[in-house]
Amino acid sequence: MSVHRLQSSPMNAVSEEPVAIDFDGVVARFGALHAMGPTTLSVRQGEFLAVVGPSGCGKSTLLNMVAGTLRPAEGVVRYKGDAVTAINHDVGYITQKNFCLPWRTVEANVRLPLEFRRIPKAEAARRVRIAIDKVGLGGFEKAYPRQLSGGMLQRVMIARTLAYEPDIYLMDEPFGSLDAQLRTRMHGELLKLWQETGATFVFVTHDLQEAITLADRVVVMSGRPGRPKRVVDIELPRPRDVIDIQSNPAFGAYVKELWAALDVH
Ligand SMILES: Nc1ncnc2c1ncn2[C@@H]1O[C@H](COP(=O)(O)OP(=O)(O)OP(=O)(O)O)[C@@H](O)[C@H]1O
Ligand SMILES: [Mg+2]
């Protein structure tokens with residue numbers, strides 16, 4: 001639990017934290033395709049990092065390397081100082097694809113990683129209940145995936161990750177399929193979670209407003225092979241109100257700055 005954010009500027013506090021994830025000259029290749037890099041970038045413990053960039057530039061690839069499902073062709077990805085060479089169990093990963101098991105109910109899907117980790121039943125049930133509530137799926141605990149909408153399925157995946165209580169959250173466009181109201185609610189929930197846990201977030205999105213609302217820093221990737229071409233510090237005050245923050249004059253300036261940085265020219 002990290003309480004520093006409640007007391008001082010998160011920008012300063014985070015800059016003193018040790019590095020959680022380190023991309024050191026990382027290149028990704030798929031056969032002859034040079035997909036990403038070289039990328040050199042560090043994420044500090046407790047930082048909220050957003051990543052934006054054109055489709056196909058290697059954002060999901062970056063996350064896969066932190067999760068340990070993909071190895072770099074060149075360079076090294078380190079987690080807490082050690083090269084990632086196997087599946088990283090400290091990571092909770094919300095991918096762009098949906099991995100709900102169709103034969104399990106909502107609550108059993110959310111509980112899945114807790115069973116793998118042999119969390120005692122009562123504690124698992126508590127975490128599952130809280131997570132389902134946070135994503136607004138109360139009442140659907142016994143429903144099966146086929147009975148849910150796309151946005152609801154996505155929320156099951158989010159709840160599963162929340163219940164897992166990882167040190168690092170990797171989120172790949174997690175709110176893309178949610179309506180605007182729900183999305184805003186999830187932004188609030190996520191900021192609360194981040195504040196309470198001191199966890200590290202790497203959050204991929206195409207939505208610049210979303211990136212600015214949530215993040216300490218936004219990395220703008222170039223087109224494929226994607227490399228970080230711009231890193232923008234978001235120096236908006238914390239704690240942030242997800243609605244009020246949008247009327248902060250600096251908010252619009254950040255949108256313009258990121259929009260310009262994304263421009264391929
Ligand atoms: N397993 C794979 N095998 C072959 N090529 C792949 C594989 N995974 C990714 N690629 C290729 O690598 C490039 C980067 O893919 P990646 O999924 O990381 O992009 P992205 O930035 O996440 O895009 P999007 O915003 O559309 O999700 C793409 O050209 C993609 O086709
Ligand atoms: Mg992707």
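In which helix is Arg-183 found? I looked this up in the model, which is predicted, and located Arg-183 in helix 7, spanning residues 180–197.

**Entry on Arg-183.** I next checked its accessibility. Arg-183 has a relative accessibility of 17% and therefore counts as buried, the cut-off for that class being under 20%. I then listed its contacts, leaving aside neighbours within four places in sequence: Arg-183 touches Phe-175, Gly-176, Leu-178, Asp-207 and Glu-210.

**Entry on the metal.** I turned to the magnesium ion (ligand 2) and found it coordinated by Ser-60 through OG and by Gln-96 through OE1, at 2.0 to 2.3 Å. I noted that this pair links distant parts of the chain, 36 residues apart. Ser-60 sits in helix 3 (residues 59–67), while Gln-96 lies in the loop between strand 6 (91–94) and helix 4 (106–116). I recorded both as partly exposed: Ser-60 has a relative accessible area of 22%, and Gln-96 one of 47%.

**Entry on the largest pocket.** I read a volume of about 760 Å³ for the largest pocket. Of its 24 lining residues, I found Gly-92, Tyr-93, Thr-95, Phe-99 and Arg-160 to be the closest to the centre. Helix 3, strand 6, helix 4 and helix 6 (150–164) each supply at least two lining residues, and helix 6 gives the most, with four.

**Entry on the annotation.** I consulted the UniProt record, an unreviewed entry, which annotates residues 21–248 as "domain: ABC transporter". For this span I noted 32% helix and 26% strand, with the end C-alpha atoms 31 Å apart.

Notes
Residues numbered from 1 in each chain as written. Chains lettered and ligands numbered in written order. Predicted model: local features only at pLDDT ≥ 70, side-chain atom pairs only at ≥ 80, totals over all residues. Heavy atoms only, no water. Donors = N, O, S within 2.8 Å, 3.2 Å for Na, K, Ca; no water. Buried < 20%, exposed > 50% of the residue type's maximum accessible area, 1.4 Å probe, protein only. Contact = heavy atoms within 4.5 Å. UniProt positions renumbered as here; feature names shortened; annotations may be inferred. 1 Å grid on protein atoms, 1.4 Å probe; cavity = no way out; pocket = protein on both sides within 12 Å on 5 of 7 lines; lining within 4 Å. Points joined across faces, edges and corners; volume = space filled by probe spheres on them.
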